[in-house]
Amino acid sequence: VREWLNGLTVAGIVEHDPTHATYWLPAEHAASLTEAAGPENLARMMQLIPLLAGVEQDIVRCFRDGGGVGYEAFPRFHELMAADSRAVHDAGLLDLVVPMVPGLHESLTAGARLADIGCGSGHAINLLARAYPASGFVGYDFSEEVVTAARTEASEWGLTNAEFVLQDVAELQLPDSFDFATAFDAIHDQAHPARVLANIAAALKPGGTFLMVDIQASSHVEQNAEIPWSAFLYTVSLMHCMTVSLSLDGDGLGTVWGRETAVRMLGEAGFSEVDVRNVETDPFNSFYIARKA
Ligand SMILES: C[S@@+](CC[C@H](N)C(=O)[O-])C[C@H]1O[C@@H](n2cnc3c(N)ncnc32)[C@H](O)[C@@H]1O
């Protein structure tokens with residue numbers, strides 16, 4: 001280890017105090033390698049690498065034989081996803097994302113109903129429920145692990161307006177029930193994304209708004225060169241998002257389904273006026289604001 005650290009010192013990657021045999025990273029690395037860095041913390045995201053490496057041989061087998069690798073093969077996925085979402089939502093959900101959606105802050109202040117599709121560990125819903133006590137919030141997910149985590153946080157925060165339902169959203173049948181719907185990174189890995197988008201449109205009241213937050217990418221490969229981390233996102237796509245969808249005999253869109261396909265599918269599901277934005281606290285995603293026609 002010492003030899004390796006000495007090599008890093010010579011390369012200028014770590015600093016070294018030989019008198020005390022102490023090595024440390026330059027202080028400015030804290031801006032991208034600590035929890036204090038919030039959504040910029042690359043150390044948190046890099047934990048995905050060993051998770052993905054763990055299924056490499058399964059992915060190779062699927063390339064030869066077909067099929068996909070299911071969520072159960074990624075033991076820490078929900079935990080890592082929850083940590084990442086917590087950092088991103090704490091940094092920007094209430095201050096940047098809510099004000100960006102026309103009428104959302106005003107409606108939630110007065111009292112409205114919002115559904116979060118593929119809610120994961122529920123932090124977005126819980127933050128919204130705490131900030132807007134006059135409104136009702138429901139998170140849907142088909143993983144028992146995350147629904148339990150979401151309910152635990154809601155109960156620890158004493159929330160009475162946040163509910164979490166174990167539900168396959170491809171089977172969601174709740175016509176005209178919500179004023180708003182959100183989906184944070186939860187459409188591209190669906191087995192049946194077109195059906196899910198149609199179910200979301202049906203669940204909204206006429207004129208309702210859907211905020212779909214999904215990976216920033218283009219269907220035109222050359223445009224992805226402009227997008228930060230596109231090679232990493234292709235890797236996550238290939239070794240997680242696409243394959244979990246294929247494991248359920250799904251479409252396998254993956255993270256890089258692209259803005260063009262996303263806008264087309266939102267239109268086909270019955271949404272109009274799709275506005276696509278970016279938010280500085282969430283470098284990986286595009287924000288699609290879509291109104292039910
Ligand atoms: C990438 S995670 C995002 C979770 C959460 N929205 C977040 O931002 O932390 C995708 C989530 O969608 C859920 N999911 C995928 N397919 C689903 C389905 N058909 N019905 C319900 N939940 C689904 C997964 O269990 C997972 O929690």
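1. Let's start with Asp58, which counts as partly exposed because its relative accessibility is 27%. For that label, buried means under 20% relative accessible area, exposed means over 50%, and partly exposed is in between, using a 1.4 Å probe and protein chains only. Arg61 is partly exposed too, with a relative accessible area of 40%. Arg61 and Asp58 form a salt bridge, with their closest N and O atoms 3.5 Å apart. (A salt bridge here is a side-chain nitrogen of Lys or Arg within 4 Å of a carboxyl oxygen of Asp or Glu.) Both residues lie in helix α5, three residues apart, which is about one turn of the helix.

2. A quick word on what you're looking at. This is a predicted model, where local features need pLDDT of at least 70 and side-chain atom pairs count only at pLDDT 80 or more, while totals for chains, interfaces and linings use all residues. Residues are numbered from 1 along each chain as its sequence is written, and side-chain values use heavy atoms, with hydrogens and water left out.

3. Now the overall picture. The protein chain has 13 helices and nine strands; these are DSSP runs numbered from the N terminus, with helices being H or I of at least four residues and strands being E of at least two. The C-alpha trace spans about 70 × 45 × 35 Å along its principal axes. With 293 residues, a compact globule would have a radius of gyration near 19 Å, and the 21 Å of the protein chain agrees with that. (That radius is taken over C-alpha atoms, and the globule rule is 2.2 Å times the number of residues to the power 0.38.) Of the 293 residues, 49% count as buried.

4. How many salt bridges does the structure hold? There are nine salt bridges. Another of them joins Glu79 and Arg76, with the closest N and O atoms 3.2 Å apart. Glu79 is partly exposed at 45% relative accessibility, and Arg76 is partly exposed at 34%.

5. On to the inside. In soluble globular proteins, nonpolar side chains tend to be buried together. A nonpolar core is a set of buried Ala, Val, Leu, Ile, Met, Phe, Trp, Tyr and Cys residues joined through side-chain atoms within 4.5 Å. The largest one here has 30 residues, and Leu128, Phe137 and Phe164 touch the most other members. Elements that give two or more residues to this core include α6 (77–100), α9 (144–156) and β7 (204–215). Helix α8 provides the largest share, five residues. There is also a second, separate core of 28 residues, and Phe178, Ile187, Ala203 and Ala290 are among them.

6. Which residues does Phe164 meet, leaving aside its neighbours within four places in sequence? Its contacts (heavy atoms within 4.5 Å) include Cys119, Ile125, Val147 and Ala154. His123 has its place in helix α8 and is buried, with a relative accessible area of 9%. Leaving aside neighbours within four places, His123 is in contact with Arg86, His89, Asp90, Glu153 and Trp157.

7. Finally, the rings. The whole structure has four aromatic pairs. (Rings of Phe, Tyr and Trp, the last by its six-membered ring, pair if their centres lie within 6.5 Å; planes under 30 degrees apart count as stacked, over 60 as edge-to-face and the rest as tilted.) Tyr71 and Phe142 have ring centres 6.0 Å apart and planes at 90°, so they are edge-to-face. Tyr71 lies in the loop between α5 (56–65) and α6, and Phe142 in the loop between β4 (136–141) and α9, so the pair ties together parts that are 71 residues apart in sequence. Ring pairs link Tyr71, Phe77 and Phe142 into a cluster.
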